[in-house]
Amino acid sequence: TGYITYDPGFVNTGSTSSAITYIDGDAGILRYRGYPIEQLAQNSNFIEVSYLLIYGELPTKDQLEDFTQKINRHTLLHEDLKRFFDGFPRDAHPMPVLSSAVSALSTFYQDSLNPFDEPNVELSTVRLLAKVPTLAAYAYKKSIGQPFLYPDNSLGLVENFLRMTFGLPAEPYEIDPDVAKALDLLFILHADHEQNCSTSTVRLVGSSEANLFASISAGIMALFGPLHGGANSAVLEMLQGIKADGGDVAKFVERVKNKEKGVRLMGFGHRVYKNYDPRAKIIKKTADQILSKLGNDELLDIAKTLEETALSDDYFIERKLYPNVDFYTGLIYRALGFPTQYFTVLFALGRLPGWIAHWREMITDPQTKIGRPRQIYTGEKERDYTPITER
Ligand code: CMC
(Lines give C-alpha, C1' and ligand atoms only; values in the text may rest on other atoms or scores of the structure.)
Protein backbone atom coordinates (compact mmCIF):
# COMPACT_ATOMS: atom_id res chain seq x y z
CA THR A 1 0.00 0.00 0.00
CA GLY A 2 3.04 2.25 -0.13
CA TYR A 3 4.20 4.99 2.12
CA ILE A 4 1.86 6.48 4.76
CA THR A 5 2.42 9.96 6.17
CA TYR A 6 1.93 10.14 9.94
CA ASP A 7 0.40 13.44 11.07
CA PRO A 8 -1.63 13.15 14.28
CA GLY A 9 -4.14 15.98 14.59
CA PHE A 10 -3.60 16.89 10.90
CA VAL A 11 -1.07 19.57 11.88
CA ASN A 12 0.46 19.69 8.39
CA THR A 13 -2.08 17.90 6.26
CA GLY A 14 -4.40 19.75 3.91
CA SER A 15 -7.57 17.67 3.75
CA THR A 16 -9.18 19.68 0.97
CA SER A 17 -8.92 22.78 -1.15
CA SER A 18 -11.46 25.48 -0.33
CA ALA A 19 -12.47 28.91 -1.61
CA ILE A 20 -14.43 29.98 1.47
CA THR A 21 -12.19 31.28 4.25
CA TYR A 22 -8.59 32.46 4.29
CA ILE A 23 -6.49 32.50 7.46
CA ASP A 24 -2.90 33.67 7.84
CA GLY A 25 -2.08 32.52 11.35
CA ASP A 26 1.24 34.34 11.62
CA ALA A 27 -0.14 37.67 10.48
CA GLY A 28 -3.45 37.32 12.37
CA ILE A 29 -5.55 37.60 9.18
CA LEU A 30 -9.05 36.18 8.71
CA ARG A 31 -11.13 36.73 5.56
CA TYR A 32 -14.48 35.30 4.45
CA ARG A 33 -14.58 35.01 0.66
CA GLY A 34 -11.81 37.60 0.53
CA TYR A 35 -13.46 40.17 2.80
CA PRO A 36 -11.49 41.03 5.98
CA ILE A 37 -13.31 40.03 9.16
CA GLU A 38 -12.84 43.56 10.52
CA GLN A 39 -14.83 45.05 7.61
CA LEU A 40 -17.60 42.48 7.90
CA ALA A 41 -17.80 43.01 11.67
CA GLN A 42 -18.05 46.74 11.15
CA ASN A 43 -20.48 46.92 8.23
CA SER A 44 -22.33 43.67 7.65
CA ASN A 45 -24.82 41.52 9.54
CA PHE A 46 -25.18 37.81 10.20
CA ILE A 47 -27.76 37.06 7.48
CA GLU A 48 -25.65 38.83 4.86
CA VAL A 49 -22.49 37.04 6.03
CA SER A 50 -24.36 33.71 5.89
CA TYR A 51 -25.30 34.46 2.28
CA LEU A 52 -21.72 35.44 1.47
CA LEU A 53 -20.26 32.25 2.93
CA ILE A 54 -22.78 29.94 1.26
CA TYR A 55 -23.09 31.57 -2.18
CA GLY A 56 -19.66 33.21 -2.50
CA GLU A 57 -20.72 36.84 -3.08
CA LEU A 58 -22.32 39.60 -1.06
CA PRO A 59 -26.04 39.68 -1.95
CA THR A 60 -27.74 42.46 -3.87
CA LYS A 61 -30.68 44.10 -2.09
CA ASP A 62 -33.16 41.83 -3.90
CA GLN A 63 -31.15 38.70 -3.23
CA LEU A 64 -30.91 39.54 0.47
CA GLU A 65 -34.63 40.21 0.71
CA ASP A 66 -35.45 36.96 -1.03
CA PHE A 67 -33.04 35.00 1.19
CA THR A 68 -34.42 36.60 4.38
CA GLN A 69 -38.01 35.89 3.32
CA LYS A 70 -37.24 32.27 2.57
CA ILE A 71 -35.67 31.84 5.98
CA ASN A 72 -38.64 33.51 7.68
CA ARG A 73 -41.01 31.10 5.98
CA HIS A 74 -39.30 28.10 7.57
CA THR A 75 -38.78 29.07 11.21
CA LEU A 76 -41.68 26.94 12.52
CA LEU A 77 -41.01 23.41 13.68
CA HIS A 78 -43.30 20.49 12.95
CA GLU A 79 -45.47 20.09 16.07
CA ASP A 80 -44.30 16.46 16.42
CA LEU A 81 -40.67 17.57 16.52
CA LYS A 82 -41.46 19.70 19.57
CA ARG A 83 -42.39 16.54 21.46
CA PHE A 84 -38.80 15.28 21.20
CA PHE A 85 -37.89 17.80 23.88
CA ASP A 86 -40.19 16.06 26.39
CA GLY A 87 -37.96 13.01 26.45
CA PHE A 88 -34.79 14.69 27.65
CA PRO A 89 -34.06 15.15 31.34
CA ARG A 90 -34.58 18.71 32.47
CA ASP A 91 -30.89 19.26 33.23
CA ALA A 92 -29.83 17.87 29.83
CA HIS A 93 -26.92 19.73 28.29
CA PRO A 94 -28.33 21.76 25.37
CA MET A 95 -25.62 20.67 22.88
CA PRO A 96 -26.65 16.99 22.62
CA VAL A 97 -30.27 18.15 22.66
CA LEU A 98 -29.58 20.43 19.68
CA SER A 99 -27.60 17.79 17.82
CA SER A 100 -30.38 15.22 18.33
CA ALA A 101 -33.01 17.68 17.15
CA VAL A 102 -31.02 18.51 13.99
CA SER A 103 -30.53 14.81 13.37
CA ALA A 104 -34.30 14.36 13.80
CA LEU A 105 -34.91 16.97 11.06
CA SER A 106 -33.68 14.39 8.57
CA THR A 107 -36.63 12.16 9.56
CA PHE A 108 -39.14 14.94 8.88
CA TYR A 109 -37.84 15.75 5.38
CA GLN A 110 -37.00 12.28 4.09
CA ASP A 111 -38.18 13.02 0.57
CA SER A 112 -35.73 15.87 0.09
CA LEU A 113 -32.41 14.51 1.28
CA ASN A 114 -30.64 13.62 -1.97
CA PRO A 115 -27.28 15.39 -1.61
CA PHE A 116 -26.95 15.84 -5.38
CA ASP A 117 -30.35 17.41 -6.00
CA GLU A 118 -29.68 21.14 -6.01
CA PRO A 119 -33.19 22.44 -5.22
CA ASN A 120 -33.42 20.06 -2.29
CA VAL A 121 -29.99 21.06 -0.97
CA GLU A 122 -31.19 24.65 -1.23
CA LEU A 123 -34.33 23.79 0.73
CA SER A 124 -32.35 21.96 3.42
CA THR A 125 -30.00 24.97 3.68
CA VAL A 126 -32.89 27.34 4.30
CA ARG A 127 -34.62 24.94 6.68
CA LEU A 128 -31.48 24.63 8.78
CA LEU A 129 -30.78 28.37 8.93
CA ALA A 130 -34.42 28.98 9.89
CA LYS A 131 -35.06 26.12 12.31
CA VAL A 132 -31.81 25.78 14.25
CA PRO A 133 -32.40 29.07 16.15
CA THR A 134 -35.90 27.84 17.04
CA LEU A 135 -34.51 24.49 18.20
CA ALA A 136 -31.79 26.25 20.21
CA ALA A 137 -34.32 28.52 21.93
CA TYR A 138 -36.52 25.50 22.78
CA ALA A 139 -33.53 23.64 24.26
CA TYR A 140 -33.19 26.60 26.63
CA LYS A 141 -36.90 26.85 27.44
CA LYS A 142 -36.95 23.13 28.20
CA SER A 143 -34.08 23.53 30.70
CA ILE A 144 -35.95 26.20 32.67
CA GLY A 145 -39.40 24.64 32.33
CA GLN A 146 -40.97 27.51 30.42
CA PRO A 147 -43.38 27.15 27.47
CA PHE A 148 -42.07 27.28 23.92
CA LEU A 149 -42.84 30.43 21.98
CA TYR A 150 -43.72 30.29 18.30
CA PRO A 151 -41.39 32.33 16.10
CA ASP A 152 -42.50 35.85 15.18
CA ASN A 153 -41.50 36.26 11.56
CA SER A 154 -41.87 40.01 11.57
CA LEU A 155 -38.58 40.04 13.50
CA GLY A 156 -35.03 39.60 12.24
CA LEU A 157 -33.26 36.28 12.84
CA VAL A 158 -31.32 37.37 15.91
CA GLU A 159 -34.24 39.33 17.40
CA ASN A 160 -36.58 36.39 16.85
CA PHE A 161 -34.11 34.07 18.55
CA LEU A 162 -33.77 36.42 21.54
CA ARG A 163 -37.54 36.66 21.88
CA MET A 164 -38.05 32.89 21.66
CA THR A 165 -35.30 32.43 24.26
CA PHE A 166 -36.14 35.10 26.81
CA GLY A 167 -39.74 36.04 26.03
CA LEU A 168 -42.92 34.77 27.70
CA PRO A 169 -46.34 34.11 26.17
CA ALA A 170 -48.80 37.00 26.41
CA GLU A 171 -46.10 39.36 27.55
CA PRO A 172 -44.41 41.81 25.22
CA TYR A 173 -40.68 41.20 24.98
CA GLU A 174 -38.64 44.30 24.46
CA ILE A 175 -35.55 43.72 22.41
CA ASP A 176 -32.57 45.79 23.45
CA PRO A 177 -30.98 46.79 20.10
CA ASP A 178 -27.49 46.81 21.69
CA VAL A 179 -27.97 43.22 22.85
CA ALA A 180 -29.20 42.14 19.41
CA LYS A 181 -26.28 43.93 17.77
CA ALA A 182 -23.73 42.32 20.08
CA LEU A 183 -25.13 38.85 19.43
CA ASP A 184 -25.24 39.48 15.68
CA LEU A 185 -21.58 40.51 15.80
CA LEU A 186 -20.61 37.40 17.76
CA PHE A 187 -22.40 35.24 15.19
CA ILE A 188 -20.48 36.96 12.37
CA LEU A 189 -17.17 36.34 14.11
CA HIS A 190 -17.96 32.65 14.60
CA ALA A 191 -19.50 32.08 11.16
CA ASP A 192 -16.56 30.24 9.61
CA HIS A 193 -13.00 29.23 10.38
CA GLU A 194 -11.92 26.89 7.56
CA GLN A 195 -10.99 23.30 8.48
CA ASN A 196 -11.51 23.38 12.27
CA CYS A 197 -12.58 20.20 14.07
CA SER A 198 -16.35 20.59 13.61
CA THR A 199 -16.16 21.76 9.99
CA SER A 200 -13.80 18.91 9.13
CA THR A 201 -16.31 16.59 10.82
CA VAL A 202 -19.16 17.97 8.70
CA ARG A 203 -17.09 17.44 5.55
CA LEU A 204 -15.94 13.96 6.56
CA VAL A 205 -19.44 12.75 7.42
CA GLY A 206 -20.76 14.41 4.26
CA SER A 207 -18.07 12.73 2.14
CA SER A 208 -19.92 9.44 2.67
CA GLU A 209 -22.87 11.23 0.97
CA ALA A 210 -24.75 11.48 4.26
CA ASN A 211 -27.35 14.25 4.05
CA LEU A 212 -26.86 17.82 5.22
CA PHE A 213 -28.87 17.43 8.47
CA ALA A 214 -26.94 14.30 9.48
CA SER A 215 -23.60 15.98 8.74
CA ILE A 216 -24.45 19.16 10.68
CA SER A 217 -25.69 17.11 13.62
CA ALA A 218 -22.25 15.45 13.77
CA GLY A 219 -20.56 18.85 13.52
CA ILE A 220 -22.52 20.07 16.54
CA MET A 221 -21.19 17.16 18.56
CA ALA A 222 -17.60 17.91 17.49
CA LEU A 223 -18.11 21.49 18.63
CA PHE A 224 -19.29 20.30 22.05
CA GLY A 225 -15.75 19.42 23.24
CA PRO A 226 -13.95 21.84 25.60
CA LEU A 227 -10.91 22.19 23.32
CA HIS A 228 -13.20 23.47 20.55
CA GLY A 229 -16.57 25.25 21.05
CA GLY A 230 -16.91 24.10 24.64
CA ALA A 231 -14.01 26.44 25.47
CA ASN A 232 -16.36 29.43 25.83
CA SER A 233 -18.15 27.77 28.76
CA ALA A 234 -14.86 26.47 30.13
CA VAL A 235 -13.40 30.01 30.22
CA LEU A 236 -16.22 31.22 32.40
CA GLU A 237 -15.91 28.22 34.72
CA MET A 238 -12.18 28.93 34.96
CA LEU A 239 -12.77 32.61 35.85
CA GLN A 240 -15.37 31.63 38.45
CA GLY A 241 -12.93 29.09 39.89
CA ILE A 242 -10.23 31.77 40.22
CA LYS A 243 -12.72 34.11 41.89
CA ALA A 244 -13.85 31.42 44.35
CA ASP A 245 -10.22 30.76 45.15
CA GLY A 246 -9.70 34.35 46.31
CA GLY A 247 -8.99 35.90 42.89
CA ASP A 248 -5.34 34.87 42.88
CA VAL A 249 -4.49 35.01 39.16
CA ALA A 250 -0.75 34.38 39.64
CA LYS A 251 -1.48 31.17 41.55
CA PHE A 252 -3.70 29.90 38.73
CA VAL A 253 -1.11 30.75 36.09
CA GLU A 254 1.48 28.76 38.08
CA ARG A 255 -0.84 25.74 38.02
CA VAL A 256 -1.17 26.08 34.24
CA LYS A 257 2.60 26.33 33.80
CA ASN A 258 3.15 23.30 36.03
CA LYS A 259 0.86 21.45 33.61
CA GLU A 260 -1.41 20.20 36.34
CA LYS A 261 -3.68 17.61 34.80
CA GLY A 262 -6.73 19.21 33.24
CA VAL A 263 -5.55 22.75 33.96
CA ARG A 264 -5.08 24.85 30.83
CA LEU A 265 -5.55 28.53 30.34
CA MET A 266 -8.87 28.19 28.56
CA GLY A 267 -9.49 30.74 25.81
CA PHE A 268 -5.76 30.88 25.06
CA GLY A 269 -3.85 29.26 22.22
CA HIS A 270 -4.85 28.26 18.73
CA ARG A 271 -3.66 25.70 16.22
CA VAL A 272 -3.37 28.27 13.45
CA TYR A 273 -3.03 31.72 15.08
CA LYS A 274 0.47 32.11 16.45
CA ASN A 275 0.27 35.86 16.72
CA TYR A 276 -3.15 37.14 17.72
CA ASP A 277 -6.63 35.92 16.96
CA PRO A 278 -8.15 38.89 15.04
CA ARG A 279 -11.61 37.91 16.33
CA ALA A 280 -10.40 38.29 19.92
CA LYS A 281 -9.34 41.87 19.18
CA ILE A 282 -12.83 42.78 17.96
CA ILE A 283 -14.54 40.93 20.83
CA LYS A 284 -12.47 42.58 23.52
CA LYS A 285 -13.82 45.98 22.51
CA THR A 286 -17.39 44.69 22.48
CA ALA A 287 -16.91 43.08 25.90
CA ASP A 288 -15.86 46.43 27.33
CA GLN A 289 -18.81 48.25 25.73
CA ILE A 290 -21.52 45.75 26.55
CA LEU A 291 -20.32 45.08 30.09
CA SER A 292 -20.10 48.75 30.94
CA LYS A 293 -23.68 49.12 29.71
CA LEU A 294 -25.15 46.01 31.31
CA GLY A 295 -23.25 46.17 34.56
CA ASN A 296 -19.53 45.66 34.95
CA ASP A 297 -18.41 42.29 35.97
CA GLU A 298 -15.80 41.28 38.51
CA LEU A 299 -14.93 38.38 36.24
CA LEU A 300 -13.97 40.85 33.48
CA ASP A 301 -11.32 42.29 35.80
CA ILE A 302 -9.99 38.82 36.52
CA ALA A 303 -9.96 38.10 32.76
CA LYS A 304 -8.00 41.27 32.05
CA THR A 305 -5.43 40.55 34.77
CA LEU A 306 -5.16 36.98 33.52
CA GLU A 307 -4.56 38.16 29.96
CA GLU A 308 -1.91 40.69 31.02
CA THR A 309 -0.17 38.15 33.24
CA ALA A 310 -0.08 35.51 30.52
CA LEU A 311 1.03 37.87 27.77
CA SER A 312 4.10 38.89 29.77
CA ASP A 313 5.03 35.38 30.88
CA ASP A 314 7.75 33.39 29.07
CA TYR A 315 5.75 30.14 29.15
CA PHE A 316 3.05 31.69 26.97
CA ILE A 317 5.41 33.85 24.89
CA GLU A 318 7.64 30.90 23.94
CA ARG A 319 4.64 28.82 22.93
CA LYS A 320 2.99 31.72 21.07
CA LEU A 321 -0.18 31.47 23.13
CA TYR A 322 -2.55 34.42 22.75
CA PRO A 323 -6.20 34.96 23.64
CA ASN A 324 -8.49 33.30 21.12
CA VAL A 325 -12.07 34.19 20.15
CA ASP A 326 -13.50 32.49 23.20
CA PHE A 327 -11.53 34.30 25.87
CA TYR A 328 -14.05 37.14 26.13
CA THR A 329 -17.21 35.71 24.53
CA GLY A 330 -18.39 33.93 27.69
CA LEU A 331 -18.40 37.20 29.61
CA ILE A 332 -20.54 38.81 26.94
CA TYR A 333 -22.97 35.88 26.76
CA ARG A 334 -23.29 35.97 30.54
CA ALA A 335 -24.02 39.67 30.51
CA LEU A 336 -26.67 39.06 27.85
CA GLY A 337 -28.36 36.63 30.27
CA PHE A 338 -27.37 33.21 28.90
CA PRO A 339 -26.47 30.42 31.35
CA THR A 340 -22.93 29.01 31.08
CA GLN A 341 -23.78 25.64 29.57
CA TYR A 342 -25.70 27.37 26.80
CA PHE A 343 -22.70 29.32 25.46
CA THR A 344 -21.60 26.57 23.10
CA VAL A 345 -25.06 26.50 21.52
CA LEU A 346 -24.51 30.15 20.59
CA PHE A 347 -21.24 29.17 18.93
CA ALA A 348 -23.17 26.52 16.97
CA LEU A 349 -25.72 29.11 15.78
CA GLY A 350 -22.89 31.29 14.54
CA ARG A 351 -20.97 28.44 12.87
CA LEU A 352 -23.99 27.01 11.08
CA PRO A 353 -23.62 28.93 7.77
CA GLY A 354 -19.93 27.98 7.66
CA TRP A 355 -20.72 24.29 8.08
CA ILE A 356 -23.39 24.51 5.37
CA ALA A 357 -21.04 26.36 2.99
CA HIS A 358 -18.35 23.70 3.47
CA TRP A 359 -20.76 20.79 3.03
CA ARG A 360 -22.03 22.31 -0.22
CA GLU A 361 -18.51 23.00 -1.45
CA MET A 362 -17.53 19.42 -0.60
CA ILE A 363 -20.53 17.77 -2.29
CA THR A 364 -20.08 19.70 -5.55
CA ASP A 365 -16.28 19.38 -5.71
CA PRO A 366 -15.29 16.81 -8.36
CA GLN A 367 -12.12 16.10 -6.31
CA THR A 368 -14.11 14.89 -3.29
CA LYS A 369 -13.59 11.28 -2.28
CA ILE A 370 -14.90 9.58 0.82
CA GLY A 371 -12.71 10.66 3.75
CA ARG A 372 -10.79 7.61 4.80
CA PRO A 373 -7.52 8.25 6.66
CA ARG A 374 -4.85 5.57 6.96
CA GLN A 375 -3.08 4.47 10.15
CA ILE A 376 0.19 3.14 11.49
CA TYR A 377 -0.64 -0.25 13.01
CA THR A 378 0.99 -0.83 16.42
CA GLY A 379 -0.86 -3.94 17.62
CA GLU A 380 0.06 -7.61 17.95
CA LYS A 381 1.69 -9.51 15.09
CA GLU A 382 -0.20 -12.52 13.78
CA ARG A 383 -0.89 -15.13 16.49
CA ASP A 384 -2.90 -18.33 16.78
CA TYR A 385 -6.30 -18.61 18.40
CA THR A 386 -6.29 -20.34 21.81
CA PRO A 387 -9.41 -22.14 23.07
CA ILE A 388 -10.97 -20.54 26.18
CA THR A 389 -9.95 -23.47 28.41
CA GLU A 390 -6.28 -22.85 27.67
CA ARG A 391 -6.17 -19.06 28.35
N1 CMC B 1 -2.83 26.72 28.29
C2 CMC B 1 -1.62 26.24 28.63
N3 CMC B 1 -0.76 25.65 27.76
C4 CMC B 1 -1.16 25.56 26.49
C5 CMC B 1 -2.41 26.04 26.06
C6 CMC B 1 -3.25 26.63 27.01
N7 CMC B 1 -4.44 27.11 26.65
N8 CMC B 1 -2.54 25.81 24.73
C9 CMC B 1 -1.42 25.21 24.35
N10 CMC B 1 -0.58 25.06 25.40
C11 CMC B 1 0.79 24.50 25.39
C12 CMC B 1 0.77 22.98 25.35
O13 CMC B 1 0.79 22.43 26.64
C14 CMC B 1 2.02 22.69 24.57
O15 CMC B 1 3.12 22.87 25.44
P16 CMC B 1 4.43 21.91 25.30
O17 CMC B 1 5.02 22.24 23.98
O18 CMC B 1 5.28 22.27 26.46
O19 CMC B 1 3.91 20.51 25.36
C20 CMC B 1 2.09 23.83 23.55
O21 CMC B 1 1.40 24.92 24.16
C22 CMC B 1 1.43 23.51 22.21
O23 CMC B 1 0.08 23.11 22.47
P24 CMC B 1 -0.73 22.05 21.65
O25 CMC B 1 -1.76 21.45 22.54
O26 CMC B 1 0.22 21.12 20.95
O27 CMC B 1 -1.41 22.99 20.56
P28 CMC B 1 -2.60 22.61 19.61
O29 CMC B 1 -2.43 23.41 18.39
O30 CMC B 1 -2.69 21.13 19.46
O31 CMC B 1 -3.88 23.07 20.43
C32 CMC B 1 -5.66 24.33 21.28
C33 CMC B 1 -4.64 24.20 20.16
C34 CMC B 1 -6.62 25.46 20.93
C35 CMC B 1 -6.47 23.03 21.38
C36 CMC B 1 -4.94 24.62 22.61
O37 CMC B 1 -4.23 25.83 22.53
C38 CMC B 1 -5.89 24.65 23.81
O39 CMC B 1 -6.16 23.59 24.39
N40 CMC B 1 -6.41 25.87 24.22
C41 CMC B 1 -7.38 25.95 25.29
C42 CMC B 1 -8.77 25.62 24.77
C43 CMC B 1 -9.34 26.70 23.89
O44 CMC B 1 -9.31 27.88 24.25
N45 CMC B 1 -9.92 26.33 22.74
C46 CMC B 1 -10.59 27.25 21.83
C47 CMC B 1 -9.84 27.43 20.57
S48 CMC B 1 -10.47 28.76 19.55
C49 CMC B 1 -12.12 28.39 19.18
C50 CMC B 1 -12.30 27.02 18.62
O51 CMC B 1 -11.56 26.53 17.79
O52 CMC B 1 -13.31 26.40 19.00
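**View 1. Secondary structure and overall dimensions of the protein chain.** In this predicted model, the protein chain forms 17 helices and three strands. Its radius of gyration is 22 Å, close to the 21 Å that the globule rule gives for 391 residues, so the chain is as compact as a globular protein of that length. Along the principal axes, the C-alpha atoms fill a box of roughly 70 × 55 × 50 Å.

**View 2. Burial and contacts within the protein chain.** Buried residues make up 43% of the 391 in the chain. Among contacts with a separation of 6 or more, 76% join residues 24 or more positions apart.

**View 3. The two assigned domains.** Domain 1 covers 9-227 + 352-364, and domain 2 covers 231-335. Their C-alpha centres lie 26 Å apart.

**View 4. Where domain 1 meets domain 2.** Here 18 residues of domain 1 contact 18 residues of domain 2. On the domain 1 side, strand 2 (29-32), helix 1 (37-43) and helix 8 (177-190) each supply at least two residues. Helix 8 gives the most, with six residues. By class, this side of domain 1 has 12 nonpolar, three polar and three charged residues.

**View 5. The shell around the ligand.** The ligand is surrounded by 20 residues. A231, R264, L265, G269 and R271 are the closest. The shell comprises eight nonpolar, eight polar and four charged residues. Both domain 1 and domain 2 take part: each contributes at least three residues to the shell.

Technical notes:
Residues numbered from 1 in each chain as written. Predicted model: local features only at pLDDT ≥ 70, side-chain atom pairs only at ≥ 80, totals over all residues. Helix = DSSP H or I, 4+ residues; strand = E, 2+ residues; numbered from the N terminus. Rg over C-alpha atoms; globule rule 2.2 N^0.38 Å. Buried ≥ 20, exposed ≤ 12 C-beta atoms within 10 Å, placed from the backbone. Contact = placed C-beta atoms within 7 Å. Near = placed C-beta within 6 Å. Nonpolar A, V, L, I, M, F, W, Y, C, P; charged D, E, K, R; others polar. Domains from an automatic or database assignment.
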